[in-house]
Amino acid sequence: MKKSTYEKRAKIANDVMNYVYKFIDTNINIDELSLELNVSKFHLHRIFKDEFGKNIYESIKSIRLQKASNLLITNKYSTISTIVNQCGYSSQSSFIKTFKERFEMTPKEWKNGGYKEYSNKILKQSQRA
């Protein structure tokens, strides 16, 4: 691959990530993003997958969950619905379902100390590896 092609691809991938982080609290529209970056949607998905090893939607989901898991711990007085809005989820039920799939507990359990249990489990797994 030519250096200029590689640089263009890397810039597109980075622009996508910047956009995702900037607008994580909104409903991210890949059609709009591809228009903004002047790249076809297909090409956008392919470049992103090549650069980051996962698709755009998986990355958005992962970033949203990471943000939510941090907010649940750091913002003691935030309600679940506030966090749902700050992380760009369309509904509280979809957020709870997605959160539970990823962390094996509800957001409420996580907030009430479940994150410590989860961290310990991750540490034990990494020590075995």
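Predicted model: local features only at pLDDT ≥ 70, side-chain atom pairs only at ≥ 80, totals over all residues.
Ser 40 sits in the loop that joins α2 (30-37) to α3 (41-52). A polar atom of the Ser 40 side chain lies 3.1 Å from the backbone nitrogen of His 43. Lys 100 is 60 residues away from Ser 40 along the chain, and the C-alpha atoms of these two residues are separated by 34 Å.

Ser 59 belongs to helix α4. Leaving aside residues up to four places away in sequence, Ser 59 touches Phe 48 and Lys 54.

| Residue | Relative accessible area | Class |
|---|---|---|
| Ser 40 | 43% | partly exposed |
| Ser 59 | 5% | buried |

Ser 59 counts as buried because its relative accessible area of 5% is under the limit of 20%. Ser 40 has a value of 43%, which falls between 20% and 50%, so Ser 40 is classed as partly exposed.

**The largest pocket**

The largest pocket has a volume of about 170 Å³. Which helices each supply at least two residues of its lining? They are α4 (56-74) and α6 (92-103). Helix α4 gives the largest share of the lining, four residues.

Among the lining residues are Asn 27, Tyr 57, Ile 60, Lys 61, Arg 64 and Thr 98. The list also includes Gly 88, Tyr 89, Ser 90 and Ser 94. By type, the lining is made up of three nonpolar, five polar and two charged residues.

Technical notes
Residues numbered from 1 in each chain as written. Heavy atoms only, no water. Buried < 20%, exposed > 50% of the residue type's maximum accessible area, 1.4 Å probe, protein only. Polar contact = N/O pair within 3.5 Å; in protein donor to acceptor, adjacent residues only side chain to side chain. 1 Å grid on protein atoms, 1.4 Å probe; cavity = no way out; pocket = protein on both sides within 12 Å on 5 of 7 lines; lining within 4 Å. Points joined across faces, edges and corners; volume = space filled by probe spheres on them. Nonpolar A, V, L, I, M, F, W, Y, C, P; charged D, E, K, R; others polar. Contact = heavy atoms within 4.5 Å.
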